[in-house]
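The following note sets out several points for a colleague who has the sequence and the coordinates to hand. Each point may be checked directly against the structure.

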Amino acid sequence: MRETPDELHRLQALLDASLSRSTAHLRSIISSERSLTADRLTRVLTGMCTLALSTVTAKGEPRVSGVDGHFLHGKWHFGTARTSAKARHLAARPAVSAAHLRGEDLGVFTHGTVETLNPHNGEAAADWPELLAYFRDFYGHDTFDWDNDVVYYRLHPHWMAAFALDPAQLEANAHEPHEADKA
């Protein structure tokens, strides 16, 4: 858990506001017993979490693909190849939706816009050195040409909901490898 008390407070306010302005149908599924608090969410979303990320083409056609999501400081962070179609979509249209699912046990749904953390020939985000150290530690220092091969993004959510079938059990199992990671 890397969140400050202020980041946890902002995340909780976002989760509460998002659910309060959702449909009655969604609120019946993500009831108070099945929603995750910001504190619990940050305890569960550790390490790499596969995200289904949705972007939009120039023709307005939706595209979904998988990315390695890292939930840091109360926001999703992810990367892709600088030459990917996804990177072109995000440069032109930064609005995205992302979902992280673990079977029927967990669903985290996010809508927002992305910020490029390490633009090519541009000024990097102020916290990029800290994030780059995290990513290098996670993936290995020599995995990529970090300046030229990959571009990283931070998803600034304007809506986020977190569903857990059994929040206490999910948190108790949070430090066990995810089923998909056991293979």
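1. Strands β3 and β6 (residues 150-164) run antiparallel and are joined by 6 bridges. Within this pairing, glycine 79 has tyrosine 152 of β6 as its bridge partner. The model under review is a predicted one.

2. On β3 there is a further antiparallel pairing, with strand β2 (residues 62-72), over 3 bridges. Phenylalanine 71 is placed opposite tryptophan 76 of β3. The two strands β2 and β3 make a hairpin with 2 residues between them, and histidine 73 in the turn shows a positive phi of about 55°.

3. How many of the 7 residues of strand β3 are buried? The number is 5, and strand β3 (residues 75-81) is therefore largely enclosed by the rest of the structure. The cut-off for buried applied here is under 20% relative accessible area.

4. The largest nonpolar core comprises 31 residues, and Leu41, Leu45, Trp76, Val108 and Met160 have the most contacts inside it. Strand β6 supplies the largest share of this core, with 6 residues. Apart from this core lies another, of 11 residues, which includes Leu72, Tyr134, Val150 and Tyr152. As a general remark, nonpolar side chains tend to be buried together in soluble globular proteins.

5. When its neighbours within four places in sequence are left aside, leucine 41 is in contact with Leu11, Leu15, Leu36, Phe71, Val108, Met160 and Ala162.

6. Lysine 86 belongs to helix α4 (residues 85-92).

7. Glutamate 61 is located in the loop between β1 (48-56) and β2. Is glutamate 61 buried, exposed or partly exposed? Its relative accessible area is 36%, so glutamate 61 is partly exposed. A polar contact of 3.1 Å links the side chains of glutamate 61 and arginine 63. With residues up to four places away in sequence not counted, glutamate 61 touches Thr55 and Val56.

Notes: Residues are numbered from 1 along each chain as its sequence is written. This is a predicted model: local features need pLDDT of at least 70, side-chain atom pairs count only at pLDDT 80 or more; totals for chains, interfaces and linings use all residues. Side-chain values use heavy atoms; hydrogens and water are left out. Buried means under 20% relative accessible area, exposed over 50%, partly exposed in between (1.4 Å probe, protein chains only). Helices (H or I, at least four residues) and strands (E, at least two) are DSSP runs, numbered from the N terminus. Two strands pair if DSSP finds at least two bridges between them. A nonpolar core is a set of buried Ala, Val, Leu, Ile, Met, Phe, Trp, Tyr and Cys residues joined through side-chain atoms within 4.5 Å. Contact means heavy atoms within 4.5 Å. A polar contact is a pair of N or O atoms within 3.5 Å; within protein, one must be able to donate a hydrogen and the other to accept it, and residues adjacent in sequence count only if both atoms are side-chain atoms.
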